[in-house]
Amino acid sequence: MAAFGTKAETLERLFPVIKEAEVLPLHYFRVDSWLEHEEEVLDAIQDRPWGRGALIVRSSTLMEDHAETLMPGRYLSVPDTVGREALRTAIRAVVDSYRADLTELTGLGDQHVLVQPMVGSPTMSGVVFTCDPGTGAPYVVVNYDEDGDTEAVTGGRASGLKTFYLWRHASAMPEDARLRRVVALARELEGELGTTCLDIEFAFDAADRLFLLQVRPLVVDALPGTAGQETALAAITAKVEAAGRPHPYLLGDRALFGVMPDWNPAEIIGTKPRPLALSIYRRLITDAQWAEQRVRYGYRDVCGFPLLLDFYGLPYVDIRASCNSLIPADLDESLAERLATYYLDRLAENPEFHDKLEFDVVFSSYCFDLEDRLKCRTHGLFDDDERRRIAGSLRALTNRLMRPEHPARIEDQANIRSLRGRLARIRDSELDPAARVHWLLEDCRRYGTLAFAGFARLGFIAVEMLRSLVTREVLDEDGVARLMASLDTVTNRMLRDRTVLAKEEFLATYGFLRPGTYDICSPRYDEAPDDYFDWSAAPGRTAEPEEFRLPPGALRRVDRLSRTHGLEPDAESLWAFITGSIVQRENSKFEFTRHLSEALSLIKEFGGRHGLDADDMSYVDVSVIEALYRGADEPGRALRRAVDDGRARHELTRSIVMPPVISEPSEVTAFHLPRYEPNYVTQRKVTAPVEVAEAEPAHLTGKILLLPSGDPGYDWIFSQGISGFVTRFGGANSHMAIRAHQLGIPAVIGAGETLYGRCAAARALTIDCLNHQVKVLP
């Protein structure tokens, strides 16, 4: 069995024993030898059969590759070195890169420098981890690039980066022959080095030879809870297979599941939420309210179908049910069936659209460029008459929803207005804690989230209309930015109030907000005000929004467009609908989260009475509290049992990795991550240092913030003078995208795991929204 040493020593020891790959010829030497005998070292290298070709000069220290001091990438490597003087310069540069850590190293002279020939015409290169680097879960993870740069992946330069996951115990192997060889190499190295946690760099040359470039230990925390992983993955696979069968009440000939479409659980509760957050999200929205709202607004009836499926704690949207729910109810069955199948096929072929379902896949409302998009996307699938029928059905539905007197709209407005009074009645009641939690959530569900679902639908239609006005050149992107900045939403009011209200008054109004709307472990603003705001410095005043109105010429064009397209509102009414719907969507979210935040605080207090803190209570499924309301049980015992069960289940959840879109049962255990196309907001460009949103407020000014999600509770960041932000998840019409538009802050919404990880490791970033680029700065 081989043992780890420096990079050079490890490769030298593996050279004669590995069979699944080759190790390039190598020459290495101590730094003290170089410092004392520079010319002799150069002679020794150039006397090698390969020593006068293109070389790479690489760092090789124990500090880089030892498990206790692991610092991969800290020191310099210089590729494409040709000729004696270039070789001299490269070696000096590598040695100089050690000097800053001289006090930490055992001595500069003891370190190695490694020289090898370059891989000739590489066709694939990358890194393979033999366990998930984030969690330690038993997966082989391959990050690779096919553009011919062997350092593109490790250097963060790969624009075409691909990521493949394989569950360690999967029976199937990847279809790609080269990936099969990489997996075989990883398994061989595990055996040779006696560990299942390795970080391996590899490359294929033009002759399809596989080279091992380096291998080091991968230091990750031990992950408990994998004992039931095989059973869980088998059950998920069976569920995906069963769900793909035809259903008598659903249109479409296949099933798809995703973490981002429709109500976007990845953005709101995360991909691996704890049981309390997941169960409340399902109860308030995805079990029933999502479908009920769409029926009320004129879409197909899919009541009875949960939107969100729980795959051992991983929330996945049933995309077939979602697509069905966005088809107008009056479209004839045959055409609706074909339309649903088209939606599912388009997303399966383009999984990168999964966070843009309604923008790039589904036609759910009428707008001024709908017919052009229908013709472009569905050419050859639907004839002209069928496209006219689809457009006509969407036009009729949209006209109905734009009428202020629409009964469902009026009811939703009344329900939202009633929320505060109902909250006061529950607060003033003598109900026991379980009963108060039940009624807070029940009122939130019936009067809050149902209404918000309606306003969110109208807000989406408004944004689609706005986008189509850009397509028709009535507005440009700058006009859209100015419009969004002019809207008097709750965030703008909060920023203004922060400048004029005393701390106590401000918290009395906005204190219930929390960055994780469904996360009991995330403190409310009024529970940790000093963590969110710098009260010591008087913030600059925020001006009233500048009113934005379409000029008369543009209004006349909108009037003509409306008449041409058969829309009922005139230009003024349509403009009022667009602006009012976007504002109402954001403001209604503010209202219903008050009930939700109160319920979470009460659950935290309820747990505290029985010796359980917020972290404990985050593992309790809300159904346990509902059961305490409906029946008689000893609360402490019931809650402690639920905590233990939830904690064990969540450990298993953490050990499971699945793709953001599942289209086949086999993808549960072997899959490529789809390439994300993030949503770039504004047309601005900014370069700034990187900071995580959890940092102290004083550290955020002028920074580009990294947010795990686009949760509304992160609104506090906009009072900190940030330069930009990046979210891991989020869609083009998400809360934080709207905020970035309004405030003119450059943002990357829904960067995805790979790009977000690169940003998180960066010292500074350049975000160029106009050119859709994120650059990692050295």
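Me: In this predicted model, is arginine 283 buried or exposed, and what relative accessible area decides it?

Reply: Arginine 283 has a relative accessible area of 17%. Buried means under 20%, so arginine 283 is called buried.

Me: What makes the contact of arginine 283 with glutamate 442 a salt bridge?

Reply: The side chains of arginine 283 and glutamate 442 meet at 3.1 Å, N to O. The cut-off is within 4 Å, and the pair is therefore a salt bridge. Arginine 283 lies in helix H9 and glutamate 442 in helix H17, so the pair ties together parts that are 159 residues apart in sequence. Glutamate 442 is also buried, at 11% relative accessible area.

Me: Why is arginine 254 called partly exposed?

Reply: Its relative accessible area is 22%. The side chain of arginine 254 forms a salt bridge with aspartate 345 (3.2 Å, N to O).

Me: How do you know that arginine 467 and glutamate 464 are separated by about one helical turn?

Reply: Arginine 467 and glutamate 464 are three residues apart in helix H17, which means a separation of about one helical turn.

Me: Which class, buried or partly exposed, does each of arginine 467 and glutamate 464 belong to?

Reply: Arginine 467, at 39% relative accessibility, counts as partly exposed. Glutamate 464, at 5%, is under the 20% limit and therefore counts as buried.

Notes:
Residues are numbered from 1 along each chain as its sequence is written. This is a predicted model: local features need pLDDT of at least 70, side-chain atom pairs count only at pLDDT 80 or more; totals for chains, interfaces and linings use all residues. Side-chain values use heavy atoms; hydrogens and water are left out. Buried means under 20% relative accessible area, exposed over 50%, partly exposed in between (1.4 Å probe, protein chains only). Helices (H or I, at least four residues) and strands (E, at least two) are DSSP runs, numbered from the N terminus.
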